[in-house]
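Visitor: I am new to this structure and would like a close look at a single part of it. Please take me through that part slowly.

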Amino acid sequence: MHPIEVLLVEDDPGDVLMTKEAFEEHKLGNRLHVVSDGVEALRFLRREGEFADAPRPHLILLDLNLPRKDGREVLEEVKSDDDLAHIPVVVLTTSEAEEDVLRSYRLHANAYVPKPVDFEQFIRVVRQIDDFFVTVVRLPKS
């Protein structure tokens, strides 16, 4: 197994910190890249501007409630772009609204995971996502 590139699209500094901690304490050296809004996410994915040398992520962890361009719009653009559509997207969000769950899957999210509010549970969930996509799933080469 080799490390995978993960793009975290998250505007909450606390959730970014917890996600980084979950990755750092984990046994695998997966590389976590962080952007804080939907516009930056698409620029990273399309390797535009300051992201010209960005690696192509193997996995995207996407919050729905983002500034400038929300996660629903990002998901729609990613899954309708032939160059990006193959990248698995896990929606990791505080929203438990059924309409968000349905819309995310209609937009071809690969999974919808509500963020736990408890620190330990949050870390456990992020590690389970990481484990699943590193040890169980075969990801396409970027």
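Visitor: Does glutamate 10 count as buried or exposed, and at what relative accessibility?

Guide: This is a predicted model, and in it glutamate 10 counts as buried, because its relative accessibility is 3% and buried means under 20%. Glutamate 10 forms a salt bridge with lysine 115, and the closest N and O atoms of the two are 2.5 Å apart. That pair links distant parts of the chain, since glutamate 10 sits in the loop between β1 and α1 (13-25) while lysine 115 sits in the loop between β5 and α5, 105 residues apart. Lysine 115 is itself buried, with a relative accessible area of 9%.

Lysine 115 also forms a salt bridge with aspartate 15, where the closest N and O atoms are 2.7 Å apart. Aspartate 15 belongs to helix α1 and lysine 115 to the loop between β5 and α5, so this pair ties together parts that are 100 residues apart in sequence. Aspartate 15, too, counts as buried, at 12% relative accessibility.

A further salt bridge joins lysine 115 to aspartate 63, with the closest N and O atoms 3.9 Å apart. Here the link runs from the loop between β3 and α3 (71-79), which holds aspartate 63, to the loop between β5 and α5, which holds lysine 115, and the two residues are 52 apart; both of them are buried. Taken together, Glu10, Asp15, Asp63 and Lys115 are linked in a network of salt bridges, within a structure that holds 11 salt bridges.

As for the surroundings, the strands form an open sheet of 5 with the order β2-β1-β3-β4-β5 and parallel pairing, in which β2 (31-35) and β5 (111-114) are the edge strands.

Technical notes
Residues are numbered from 1 along each chain as its sequence is written. This is a predicted model: local features need pLDDT of at least 70, side-chain atom pairs count only at pLDDT 80 or more; totals for chains, interfaces and linings use all residues. Side-chain values use heavy atoms; hydrogens and water are left out. Two strands pair if DSSP finds at least two bridges between them. Helices (H or I, at least four residues) and strands (E, at least two) are DSSP runs, numbered from the N terminus. A salt bridge is a side-chain nitrogen of Lys or Arg within 4 Å of a carboxyl oxygen of Asp or Glu. Buried means under 20% relative accessible area, exposed over 50%, partly exposed in between (1.4 Å probe, protein chains only).
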